[in-house]
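This report describes selected salt bridges, strands and a helix in the structure shown below. The account begins with charged pairs and then turns to secondary structure.

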Amino acid sequence: MNNNDTIKKTLIVAISLCLVCSALISFSAVELRDLQEANKTLDKQNKILSAAGLLEEGIDTSILFESINTKIVNLETGLFDQNINIADYEEGSFSRNPSTSIELPSDVDIALLKRRENFQTVYLHYEGELLNAIILPVRGYGLWGTMKGYLALEPNFKTIIGLEFFDHKETPGLGGEIDNPKWKAIWKGKEVYSDNGDVLISVIKGSVDKSSNNSKYKVDGLSGATITSNGVSNLLSFWLGDMGYGPLIDNMKLQETKDV
Amino acid sequence: MSKAKEALLNPIFNDNPIALQILGICSALAVTGNLYITLIMCVALTTVVTLSNLSVSLIRNHIPTNIRIIVQISIIATLVMLVDEVLQAFDYESSKTLSVFVGLIVTNCIVMGRAEAFAMKNGPLLSAIDGFGNGLGYSIILIIIAIIREFIGAGTFYGIEIMPLTTNGGWYLANNFFLTPASSFFIIGFTIWALREWKTDQIEKPEFKISENSLEAEKRAV
């Protein structure tokens, strides 16, 4: 036992330990990857459906999701892009890569994103031939980190169907209440744009005065979570504005009037 | 008590890793906001500490002393990564909530402490039992904290509504302080107090005694 401390023994133990440990981890990572990926996709699909109010008790998320049409949109032009394969699209790498993203000057970067990808996925739900809902991924900084979610709009591109966050680091019970079903329910029916196309939707401090004219653009703030509430306002203003889905929404509106 | 029984039961109340050894406080603060998440964390930690004690003990006669800490850490880190992978695959929701805290089991002093203090000197079976016992000791304190925090902070027990919150149209105004990790400090403090009232041999001797006020003493002498 005394010879444990020789250089040779030390090296042998160190190297064989590393080999065993790395083999174990690689094995589990490879074996479990499919399950993990499936979980992630399912979670996202779940939130997308939930934002659009399409979730149904007892029916598999993946089956329900088949009714959703996924498209890649060029945020610059606001047109759908056919060249990028949906399976290849990854928000994180696109927003980091200088060739597929732009740096945001601080005056427009209200959601504190630093960089914005030039392409995004949007989800369309058709009832027969008619557009029923459009679901837009949104994200922005809250108190502790980036809040990522989905905003579902009605085909008038104005009325909110739902807002759902799938990833955030807000304080449970305070900012974390953005997941509270009661708060999420307030969003339904609110409007995001004024008649001349300005983004008006915002989360205010305290409760909304229902009798005021502007109440349809305002959402009750979360008590004890002003910064989170402001973060939600900012991320919506950003993504619905000219740097976000503004061009896409303009195009889609034009398309609709042409079709009619 | 037999040695095995001692190794299993002692850490629960007599030599509790959190309440007496004051180890592993970090995660006791962080993951105790809700009982379900706490239970997952307890299972994860107990698994890691049991298996790490077992594996360290198995190779204890071959570990060179000068790299023994690195060897222990490598084993623990491997186990933690395995647990994290399994969690992501089978309970994605909790793994999202627990996020970094599963990974931080690596730095949990209980795991490392038991490997170094116990598993390096004892046989594999006894070490595994000791690890499991310490996991239970950790779990019991976390569960106590989580029950209190969830009850006062959210009015629920294991997600079941006990006191309806005002935000949901009930009568109970939730105490938000109990949702923040800092509240655990107080609960841990009170738990330790209660435990030491019960098991008085855990009370530490004061390290020093405040001496009499010297001016007063002088006056009396005069």
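In this predicted model, the side chains of A:Lys184 and A:Glu164 form a salt bridge, with 2.8 Å from N to O. A:Lys184 belongs to helix α4 (residues 181-187) of chain A and A:Glu164 to strand β8 (residues 160-167) of chain A, so the bridge ties together parts that are 20 residues apart in sequence. Both A:Lys184 and A:Glu164 are buried.

A further salt bridge joins A:Glu191 and A:Lys216, whose closest N and O atoms are 3.7 Å apart. This pair also links distant parts of the chain, 25 residues apart: A:Glu191 is in the loop between α4 and β9 (202-203) of chain A, and A:Lys216 is in the loop between β9 and β10 (218-219) of chain A. Salt bridges with shared partners also unite A:Glu91, A:Glu117 and A:Arg139 in one network.

Between the chains, B:Lys96 and A:Asp43 meet through their side chains in a salt bridge of 2.8 Å, N to O. B:Lys96 lies in helix α5 (residues 92-98) of chain B, whereas A:Asp43 lies in helix α1 (residues 7-51) of chain A. Over all chains, the count of salt bridges comes to eleven.

| Residue | Relative accessible area | Class |
|---|---|---|
| B:Lys96 | 29% | partly exposed |
| A:Asp43 | 7% | buried |
| A:Glu191 | 16% | buried |
| A:Lys216 | 36% | partly exposed |

Strand β1 (residues 68-74) of chain A has five of its seven residues buried, so the strand is largely enclosed by the rest of the structure. β1(A) pairs with strand β5 (residues 119-127) of chain A in the antiparallel sense over seven bridges, and with strand β2 (residues 79-81) of chain A, again in the antiparallel sense, over three bridges. A:Val73 stands opposite A:Gln120 in β5(A) and opposite A:Phe80 in β2(A). Four residues separate β1(A) from β2(A) in a hairpin, and A:Gly78 in the turn has a positive phi of about 75 degrees.

In chain B, helix α8 (residues 124-154) comprises 31 residues. At 1.5 Å a residue, the helix should span 45 Å, and the 43 Å between its end C-alpha atoms agrees with this expectation. B:Gly155 follows α8(B) and has a positive phi, near 70 degrees.

Technical notes:
Residues numbered from 1 in each chain as written. Chains lettered and ligands numbered in written order. Predicted model: local features only at pLDDT ≥ 70, side-chain atom pairs only at ≥ 80, totals over all residues. Heavy atoms only, no water. Helix = DSSP H or I, 4+ residues; strand = E, 2+ residues; numbered from the N terminus. Expected span 1.5 Å × (residues − 1). Salt bridge = Lys/Arg side-chain N within 4 Å of Asp/Glu carboxyl O. Buried < 20%, exposed > 50% of the residue type's maximum accessible area, 1.4 Å probe, protein only. Pairing = 2+ DSSP bridges.
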